[in-house]
Amino acid sequence: MFTEKILVSIAGAILKHYKLDPDGVHGIAHWGRVLKNGTELAALTGADLGIVQLFALFHDSRRKNDWLDPRHGARGAVLAGEMNGGLFSMVPAELAMLQDACIRHTKGFTEADITIQTCWDADRLDLPRVNISPVPELLCTGPAKEKFFVDQARQRSTANQLTGFAIELRKTIA
Ligand SMILES: [Fe+2]
């Protein structure tokens, strides 16, 4: 797992070449909520927290627009590979899992390793920010389908809440 300070550093490096508005629907606030959702879910699912944390930062990091951009996950995966060995180091199996989670995160899959499922759920639970309710059929893990969890995530999402991570990251680009 990574400390918030390291995650802010990694995200800061990602943002240097981020093409969209950092305050947009796929920007900093979303990364922070996916990070929070994923961290809470990983404690219940047993997912590899480090991979879930980095998924939050990389999965939308190379979007070219906020609408249809089917290759953005793959580009995020490439970026993760390029940055590996710098501010963070993952062994090949960890990197491969992170990249797989990024590449397939918008394809509607639900069957995968528990770490990848946790990544996807963390992202999908933040769909209310764009007026989409995450349907249970597209959530992968048991904890993510629980009403309490869905409701908590929905509240954060619809309020476009900034997590502590997001607040710290915004300071670096202010
Ligand atoms: Fe996302």
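**Helix packing and the nonpolar core**

In this predicted model, helix α2 (residues 28-45) packs against helix α6 (residues 114-124) at an angle of about 140°, and the two axes lie 8 Å apart. The arrangement of α2 relative to α6 is therefore oblique, since only angles over 145 degrees count as roughly antiparallel. The crossing of these two helices, α2 and α6, is right-handed. On the α2 side, the residues that take part are Val-34, Asn-37, Gly-38, Leu-41, Ala-42 and Thr-45, and they meet Ile-114, Thr-118, Cys-119, Asp-121, Ala-122 and Asp-123 of α6. Sorted by class, the contact of α2 with α6 contains six nonpolar, four polar and two charged residues.

Helix α2 also packs against α3: the axes of this pair come within 8 Å and cross at roughly 165°. Because this angle is over 145 degrees, α2 is roughly antiparallel to α3. The crossing of α2 with α3 is right-handed. The contact involves Trp-31, Val-34, Leu-35, Gly-38, Thr-39 and Ala-42 from α2, together with Leu-49, Val-52, Gln-53, Phe-55, Ala-56 and Leu-57 from α3. Nine nonpolar and three polar residues make up the contact of α2 with α3, and no charged residue takes part.

In soluble globular proteins, nonpolar side chains tend to be buried together. The largest nonpolar core of the present model comprises 41 residues, of which Phe-55, Leu-57 and Leu-98 touch the most other members. At least two residues of this core are supplied by each of α1 (4-15), α2, α3 (49-58), α4 (72-83), α5 (92-103), α6, α8 (147-158) and α9 (164-173). Residues up to four places away in sequence being left aside, Phe-55 touches Gly-38, Leu-98, Ala-101, Cys-102 and Cys-119.

Ala-101, one of the residues touched by Phe-55, is located in helix α5. Leu-7 is 94 residues from Ala-101 along the chain, and the C-alpha atoms of the two residues are separated by 18 Å.

Ile-167 belongs to helix α9. This residue is partly exposed, as 13 other C-beta atoms lie within 10 Å of Ile-167. Although Ile-167 and Val-8 are 159 residues apart along the chain, the separation of their C-alpha atoms is 9.7 Å.

Two asparagine residues have positive phi values. Asn-131, which is not a glycine, has a positive phi of about 60° and is placed in the loop between α6 and α7 (142-145). With 8 other C-beta atoms within 10 Å, Asn-131 is exposed, because the class covers residues with 12 or fewer such neighbours. For Asn-160, likewise a residue other than glycine, phi is positive and near 50°. Asn-160 is situated in the loop between α8 and α9. It counts as partly exposed, having 15 C-beta neighbours inside 10 Å.

Conventions: Residues numbered from 1 in each chain as written. Predicted model: local features only at pLDDT ≥ 70, side-chain atom pairs only at ≥ 80, totals over all residues. Axes fitted to C-alpha atoms, helices over the stretch in contact; angles between N-to-C directions. Helix = DSSP H or I, 4+ residues; strand = E, 2+ residues; numbered from the N terminus. Parallel < 35°, antiparallel > 145°, perpendicular 65-115°, else oblique. Left-handed = near helix turned anticlockwise from the far one by under 90°. Contact = placed C-beta atoms within 7 Å. Nonpolar A, V, L, I, M, F, W, Y, C, P; charged D, E, K, R; others polar. Core = buried A, V, L, I, M, F, W, Y, C linked by C-beta atoms within 7 Å. Buried ≥ 20, exposed ≤ 12 C-beta atoms within 10 Å, placed from the backbone.
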